[in-house]
Amino acid sequence: PDAFSAAGHLSSLLLHLRRDLGEAEPLARRAWEGSMRHFGQEHPRALQASSDLGQLLLERGRPAEAEPLLRTTFEGLERNLGISHPKALAAVGDLGSALY
């Protein structure tokens, strides 16, 4: 679990500080895959990893790949937190960006 978090944090740093999308993507994908396998699709850490990878794919101009990840994030947050929760509202906005 800590390795998944570390990969996710490193991916975020590369993305936000260096804007190195090519280097950030494999790390974000590794964090997502590990989180899904270890925690399961509905766990908050897995949902965050789905969101992170989906947003990165949007940044790379690949909305068709981002959409299922962002849909999973939104649906999981909606079920766990309710549609009016700020995280669910942000997630539906991200999904809308992928569909636009």
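**View 1. The accessible surface of the whole chain.** Of the 100 residues, 38% count as buried, meaning under 20% relative accessible area (1.4 Å probe, protein chains only). Residues are numbered from 1 along the chain as its sequence is written. Because the model is predicted, local features need pLDDT of at least 70 and side-chain atom pairs count only at pLDDT 80 or more, while totals for chains, interfaces and linings use all residues; side-chain values use heavy atoms, leaving out hydrogens and water.

View 2. Helices (H or I, at least four residues) and strands (E, at least two) are DSSP runs, numbered from the N terminus.

**View 3. Helix α5 and its buried side.** Helix α5 spans residues 86-99 and reaches 20 Å from its first C-alpha to its last, close to the 20 Å expected at 1.5 Å a residue (1.5 Å times one less than the number of residues). Its buried residues are Ala88, Ala91, Leu95 and Ala98. They lie on the same side of α5 because they cover an arc of only 70° around the axis, taken from the directions from the helix axis to the C-beta atoms. These buried residues pack against α3 (44-59) and α4 (63-81), where contact means heavy atoms within 4.5 Å.

**View 4. Ala31 in helix α2.** Look for Ala31 in α2 (residues 21-39); Ala31 counts as buried because its relative accessibility is 4%. The C-alpha atoms of Ala31 and Leu53 are separated by 8.7 Å, with the two residues 22 apart along the chain.

Key. Buried < 20%, exposed > 50% of the residue type's maximum accessible area, 1.4 Å probe, protein only.
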